[in-house]
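Hi everyone, thanks for coming.

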Amino acid sequence: MLVTPDVLASRAALLPEDIDPQETTEFLESLESVIRYQGQERARYLLDAMLQMAARAGVRLPSGITTPYVNTIPPQDQPAFPGDRVMERKIKSIVRYNAMTMVQKANKTTNVGGHLATFASAATLYEIGWNHFFRGRTADHLGDVVFYQGHASPGMYSRAFLEGRLSEEKLKNFRQELKPGGGLSSYPHPWLMPDFWQYPTVSMGLGPIMSIYHARFNRYLHDRGLTDTSDVRVWAFLGDGECDEPESLGAIGQAGREKLDNLTWVINCNLQRLDGPVRGNGKIIQELEGIFRGAGWNVIKVIWGSDWDPLIKADRTGALQRRMMEVVDGEYQEYVVKGGAYIRENFFNTPELKALVEHLSDDELASLKRGGHDPLKVYAAYKAAVEYKGKPTVILVKTVKGYGIPGAEGKNTAHQAKKLTVQMTPEPNLAPDEHAKRQMVGALKIFRDRFNLPFTDEQLEDAPFYRPADDTPEMKYLHERRAALGGYQPSRNTHFVPCERPDPKNFERLYAGTPAGKGQSTTLAWVVLMQQLMKDPAIGKLIVPIVPDEGQTFGMPPMYKAYGIYSTVQQAYNPVDKGTMSEYRECTTGQILQEGISEAGSMCSFIAAGTAYSTHAVNTIPFFIYYSMFGFQRVGDLIWAAADSRCRGFLLGGTAGRTTLNGEGLQHEDGHSHIMAMTVPTCRAYDPAFGYELAVIVEHGINRMFVEGVDEFYYLTVYNESYDMPPMPAGEDIREGIIRGLYPFKTVKPDGAKLEVQLLGSGTIINEVLKAQQILAEQFGVASTVYSATSYNLLQKDAIACERYNRLHPTGEGRLAYVQKVLANTNGPIIASSDYMRALPELIGPYLSDAKGPRLLALGTDGFGRSDTRKALRRFFEIDTENIVVAALSALAERGELNREVVQKAIEDFGINPDAPPPWTV
């Protein structure tokens, strides 16, 4: 019978008192009969029919989508544990100890910090994974991808030390990476430890969202035949408090919708944030269960350890389960620190409940484990997760923060604990250092006794690291388990196999420019280039176009039909534009990732594709195009994570600039992304003006990143303003100038010219600069050369590198910055104009001066954007043709080369209002 007292008790734990138990029993027995003799599908049909009938009759339907506050997998359904529990506990205890000792030692003489409590609560979660589930990379398997919780990093280091992958010296230098012999980074950082960590996760929320899009990208790789990822599982470990981050839960609907059963999340519900309870007045596990079930996930709860099983079985009335449900998380946290007697009085607070535990002592009550500290429960959950088909799985695991750490277990201060302390009776005249040492040793003794570690009291005086001899049973077991799973975790593949170079012919169309009167935007030039590259037999299939629901804006629809939009379920409808050149075509072999309105999700796909050269040994080349305003500003943390991940690829800031995007106004107009790009060390930022510049940069980038294997990525701003694209000028120095950031484009020298200026232009504003050049020549007799400044980012990096070299080599031959090589021997002031803030071109100002002083005057778009025409906006921000002319004349006057009256007359003739408020103030 399914309608047993246990079932009724479980039901009673959630519902009000039953006014007619006999009727309820008969109803449930009927349902049981349907399930037994006609199957679950028939039972589901009948239940749906009844719910519809109730809804039509106006019955208020139950809204909850949570289950009782007990383990999802009952004891009778638990699989047999396949490992040696005694051996695994020994290993886990050693890992716990070394992780704790590492942080303790690092803070004995420094204040570098570190975290003890997160790994202490999650040690069982990781050990079960390392011993039974996390597969390493082999010749036949790519290895699983594990997003480790950042604050738990001491545990990963401790286990790698046991495995012989990290030295004792490295552990001693935790968070002291500049020490001789090297150290260990604070958290998972592939940039700092490129053979160890795969992805950075300590900026909370990023690991979860990256894991979702990584699991989906694995499907993409497999469906497109690029590599076999069908058996690669993605794991993500996160905390319950981390789920408050919008990025943590913001994309879980994507995982449910895509049915990503290759994805498993383990949420460590220790009920505590960094400063206190996560949901002190509620129940975070129940809250998360409802959220994930609603998003289409398979939910497994691991709340109670095996010690609770007999108590739950003995609960014939549902009183225990009702009590489990009504106690809030703040109270559960209190039970950890108050002891068994307190638990007996305050949790088992009725005669019926007290009778359930009358055979247990107070110490036994206090030692009743939460499910996350029970290997049997955790193993059962992991096994169920990897075997589940059709949905992603989230495992909600209840633990104690700081589990086992004397003085920290379950306390609000656990996250900040860096040193071991226990309460001791103060001794008169005892030096503070000696008192602290005795506290530490006392704490270590408690820890040793609890986890059965083989130390004498004397040995604990020095808190030594511990690694058993290689021939001991526990060490043999540890290596055997990892060998059976294919290798060690975490580990990052550093073997790079370059791809072929793209055919140079792919770029020739942009080198030729456009016919007169047949204008083109740099965005459209990019689309043209993409269509050429995606046909390339060497790299075409490797290109991954990514767009967040703005493909129409960027002119991409022809690519939709030609290459398809990736979908895991083909296309279940006829698109309204079927049969046209821009048909919206979805298919499982689609090459384009159309991510919907999610720059964060798109960025995660960019990271997955841009790191596939390492993770999956496939050189996928991502091109992620988006509104430039919504890149570095909106998802800058993910861009930083991409750099840390050694990601490669192209970010394209579309509809770029503060005056180029007609009508969209303040929220959309970008005048600062290039400034923000400067903050990312591995980002090469370019602001190309012409199609041929774009082509040169893309070809150079593909070859550097995917042929030469350089860990960097490119940011290119592209515009939606069309104008005639000139052909690429002759000379190899042009190509070098484009790549390095600056080259001369056009010189105009009127007859008899005595004055000269240098004019720098970027992006679409180069057209304003070229018109200013003509006015300066025709109306003022001023000679000039217009330079295309493709990258102030790279000019400045080169300049500071030369400055540093010269400073540190005072007796050697000095180096000259590239910007100085190009401009040092020219005459007159230098006027730099762009659709970005003045601070961008001003980066090169310190390196441009002569006997008359600084030469650079920068014009830019400082301030908020607004809606209007390009002409009006450029006048408002003072970067239009006339303002560039006035700036050049003014700079000549400042150097004593021109009468100031000429400047005044030009201002009047051009209709410039000298008393208008500065654009950045309004």
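Helices (H or I, at least four residues) and strands (E, at least two) are DSSP runs, numbered from the N terminus. By that count, the protein chain has 35 helices and 20 strands. What you see is a predicted model, where local features need pLDDT of at least 70 and side-chain atom pairs count only at pLDDT 80 or more, while totals for chains, interfaces and linings use all residues. Residues are numbered from 1 along each chain as its sequence is written, and side-chain values use heavy atoms, with hydrogens and water left out.

Now the overall picture. The C-alpha trace spans about 110 × 80 × 55 Å along its principal axes. Of the 922 residues, 57% are buried, meaning under 20% relative accessible area, whereas exposed is over 50% and partly exposed is in between (1.4 Å probe, protein chains only). Contact means heavy atoms within 4.5 Å. Take the contacts between residues at least 6 apart in sequence: 78% of them join residues at least 24 apart.

Let's zoom in on two helices. Two packed helices are described by the angle between their axes and the distance between the axes. Here, the axes of H4 (residues 85–106) and H6 (residues 153–162) come within 8 Å and cross at roughly 120°. Those axes are lines fitted to C-alpha atoms, for helices over the stretch in contact, with angles from 0 to 180 degrees between N-to-C directions. Residues making this contact include Ile 91 and Val 95 of H4, and Tyr 157 and Phe 161 of H6.

Next, some backbone details. Most residues other than glycine have a negative phi, and most peptide bonds are trans. Which residues does the cis peptide bond with omega of about -5° join? They are Gln 489 and Pro 490, and Pro 490 sits in the loop between H20 (473–484) and H21 (508–511).

Asn 452 is not a glycine, yet its phi is positive, about 55°. You'll find Asn 452 in the loop between H19 (432–451) and H20, and it counts as exposed because its relative accessibility is 60%. Arg 646 also has a positive phi, near 60°, and its place is the loop between H26 (636–644) and strand E11 (649–654). Is Arg 646 buried or exposed? With a relative accessible area of 13%, Arg 646 is buried.

Last stop: Lys 749, in the loop between strands E14 (743–748) and E15 (755–761). Lys 749 is exposed, at 65% relative accessibility.
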